[in-house]
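Good morning, and thank you for coming. I would ask you to keep the structure in view while I speak.

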Amino acid sequence: MLSKQNLSAPLFETFTLGNMTLSNRIVMAPMTRNQSPGGVPTEDVAAYYKSRAVGGVGLIITEGTYIDHLGANGYPGVPAFYGEQALAGWKRVVEEVHAAGGKIAPQLWHVGRERRPGVEPDTSVPGFGPMSIVEDGVEVVRAMSEDDMHEVAASFARAASDAKRIGFDGIELHGAHGYLIDQFLWAESNQRTDTFGGSAENRLRFPRMIVSAVREAVGPEFPIMFRFSQWKLSDYDAMIAETPDALGEILKPLADDGVDIFHASTRRVWEPGFEGSDKTLATWTRELTGKPVIAVGSVGLDKTFRTGHFTRTEDPTSKSRVNVEELAMWRARDDFDLIAIGRALLSDPQWANKVRDGRLDELSDFDSSALDILVR
Ligand SMILES: Cc1cc2nc3c(=O)[nH]c(=O)nc-3n(C[C@H](O)[C@H](O)[C@H](O)COP(=O)(O)O)c2cc1C
């Protein structure tokens, strides 16, 4: 009979993407911590990521970190990805993770229309989105001009090039959950009448501009990941593509422009991506693009979660039914290439090592109080 350790073996095969080789298939999902005062990642941030590398995670994707565009940030305490101090903080994070044998990529973030005046770093700056938003007679989000789009694409490219320079192993573009890139992709948040709105092809134009600029900045071998979702924080049912074909029309051009791997963000990894087939969003993504894929969603948890803004409220109606053996089987039949783990890794930094060694009875259960402190 196979031991539990052998059963998890498909999750512990190496994986190569461009010039990055991972020791296994376990990825730490990006999770915002709001614990970088003034946008600078502290030693605590380095220790937090290091402990997951020590715990055996193959690749860490950092919390969203905002690029050097005035309107990129939406929340207090989020780390910046520009400026001497913030980049020095990030370099220390990279060094600690590498010293522990891990790999790490920053998640580059622009929140788009989610920003409101009053938020750091410059509180006078409004949000920037596909369309203007006026609240109580005040324009709180400005409709981006074509010049704004070029600036933001250049800013993503600078961040990617800085990531490479300070030793990161790749980058992830945050194209999910209702933030800037996703706002352009979604028909409802992008009703522009110029060449950046309207048809699916037009809505894709700005995201393509970003991917092309980033690829040009980092060269051919540096891995670019692209996270997308069929849900938003404000609306769990908001889809950027109603059919697999429509999804292919979004993802294939992005792959042509330089995306190496897609990160299909779902809340429950086992659910079908579209009606009429059991295939998950990750499996569809792999099939439609021919690119590898990162799957994610409620692995290793007793319960799934309700967000709001990733609130601490667990969803009483659903239980995660993913166990390690199932996960390894899906990996073995190529349903996904990498699996991202979010909250289970907050509660248990040693999650990957315990799974590798078959010490499943030692896994710490996720407890929503972990979100209150985002524990080490
Ligand atoms: C506290 C918290 C913060 C998050 N922040 C981000 C983020 O910055 N960027 C992102 O793409 N997803 C973010 N997410 C979503 C996670 O990356 C992940 O997709 C989600 O938690 C589902 O995975 P899990 O069920 O394994 O936790 C966050 C989730 C949580 C719980």
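I shall take the ligand site, the nonpolar cores and a group of strands in turn. Please bear in mind throughout that this is a predicted model.

I begin with the ligand. There are 18 residues around the ligand, and those that come nearest are P30, T32, R227, S298 and R343. On an oxygen atom of the ligand, H174 places a polar side-chain atom at 3.2 Å. G342 contributes through its backbone instead: an N or O atom there lies 2.8 Å from a ligand oxygen atom. How much of the ligand's accessible area does the protein cover? On its own the ligand has 610 Å², and the protein covers 97% of that.

The largest nonpolar core comprises 100 residues, within which F206 and I339 have the most contacts. Beyond its neighbours within four places in sequence, I339 is in contact with residues including L11, R25, V269, I294 and L327. Another core lies apart from the largest one; it has 15 residues, and L338 and A340 are among them.

Finally, the strands. Strand β8, residues 138–143, pairs with β6, residues 127–129, in the parallel sense over 3 bridges. In that pairing, G129 stands opposite A143. With β7, residues 133–135, strand β8 pairs in the antiparallel sense, also over 3 bridges, and here I133 stands opposite V141. The hairpin of β7 and β8 has 2 residues between the strands, and D136 takes a positive phi near 50 degrees.

Note on methods. Residues numbered from 1 in each chain as written. Predicted model: local features only at pLDDT ≥ 70, side-chain atom pairs only at ≥ 80, totals over all residues. Heavy atoms only, no water. Pairing = 2+ DSSP bridges. Helix = DSSP H or I, 4+ residues; strand = E, 2+ residues; numbered from the N terminus. Core = buried A, V, L, I, M, F, W, Y, C linked by side-chain atoms within 4.5 Å. Buried < 20%, exposed > 50% of the residue type's maximum accessible area, 1.4 Å probe, protein only. Contact = heavy atoms within 4.5 Å. Near = heavy atom within 4 Å. Polar contact = N/O pair within 3.5 Å; in protein donor to acceptor, adjacent residues only side chain to side chain. Areas by Shrake-Rupley, 256 points an atom, 1.4 Å probe, with all protein chains shown as cover.
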